[in-house]
Amino acid sequence: MFTGIVEELGRVKDLTKEGDNLHISIEAHMSSELKIDQSVAHNGVCLTVVAVTDNTYSVTAIQETLNKSNLGSLKVDDLVNLERGMKLGARLDGHIVQGHVDQVAECILAQEKDGSWEYRFKYDPTLNNVTIEKGSITISGVSLTVVDSEINTFSVAIIPYTYEHTTFKQLQKGDVVNLEFDVIGKYVKRLLGNTSLS
């Protein structure tokens, strides 16, 4: 379980394909504190640590993960939003995040405002995921509040701190991001029989 509060920006050091699997080596300050079998969210995707050195660690993404996220498009030297699993009893500063990406979305607007940034995203509506204004959304591992919600698009506003300390500082129009919709909203929608919510 995660909160969507990014701890650190890691850097991709190596990518190795083995069959359908992708082995990802990440350089990060937290590496020396990690243990094998520990869960870390990478751009919002929960992956298990399989190897650790002093300044790098490795995880493996299977084909199902690559199909549902943007991890398959990673390149060496790319930055990655990282968050370790939350501690029981700690403050929940973001919202409840499972690290299970529901689908990807395309950035269709990246606009600097007077002291903040506005981003709008478009996603495939046939998967029946929804957002609501002032509801929670996780974008590439970052817990955010929806500003404006439509059937298959929504916008968020980014404060300077979040911009500087996450991959939002390099996000451009046309880029693909990972989405995890609010778990409470997903249960409510299932109970309502996928009734249209926007």
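Two rings of Phe, Tyr or Trp count as an aromatic pair if their centres lie within 6.5 Å. By that rule, this predicted model holds 6 aromatic pairs.

- Strands β10 and β11 run antiparallel and are joined by 3 bridges.
- Ser149 has Phe154 of β11 as its bridge partner.

**Nonpolar cores**
- The largest nonpolar core has 21 residues, and the members that touch the most others are Tyr119, Phe121 and Ile139.
- Two or more residues of this core come from each of β7 (103–112), β8 (117–123), β9 (136–139), β10 (142–149), β11 (153–158) and β12 (176–181).
- The biggest contribution to this core is that of β8, with 4 residues.
- In soluble globular proteins, nonpolar side chains tend to be buried together.
- Beyond four places in sequence, Phe121 touches Ala105, Glu106, Cys107, Ile108, Ile139, Asn152, Thr153, Phe154, Val156, Phe168, Leu171 and Val177.

**Aromatic residues**
- One of the aromatic pairs is Tyr123 with Phe154, a tilted arrangement with 6.1 Å centre to centre and 55° between the planes.
- Tyr123 belongs to strand β8 and Phe154 to strand β11, so this pair ties together parts that are 31 residues apart in sequence.
- Tyr123 and Phe154 are both buried.
- A single aromatic cluster is formed by Tyr119, Phe121, Tyr123, Phe154, Phe168 and Phe181.

**Asn129**
- The loop between β8 and β9 contains Asn129.
- A polar contact of 2.5 Å links the side chains of Asn129 and Gln103.
- Apart from neighbours within four places in sequence, Asn129 is in contact with Asp102, Gln103, Tyr123, Phe181 and Lys186.
- Of these contacts, Tyr123 and Phe181 are also members of the aromatic cluster.

Terms used. Residues are numbered from 1 along each chain as its sequence is written. This is a predicted model: local features need pLDDT of at least 70, side-chain atom pairs count only at pLDDT 80 or more; totals for chains, interfaces and linings use all residues. Side-chain values use heavy atoms; hydrogens and water are left out. A nonpolar core is a set of buried Ala, Val, Leu, Ile, Met, Phe, Trp, Tyr and Cys residues joined through side-chain atoms within 4.5 Å. Buried means under 20% relative accessible area, exposed over 50%, partly exposed in between (1.4 Å probe, protein chains only). Contact means heavy atoms within 4.5 Å. Two strands pair if DSSP finds at least two bridges between them. Rings of Phe, Tyr and Trp (its six-membered ring) pair if their centres lie within 6.5 Å; planes under 30 degrees apart count as stacked, over 60 as edge-to-face and the rest as tilted. A polar contact is a pair of N or O atoms within 3.5 Å; within protein, one must be able to donate a hydrogen and the other to accept it, and residues adjacent in sequence count only if both atoms are side-chain atoms.
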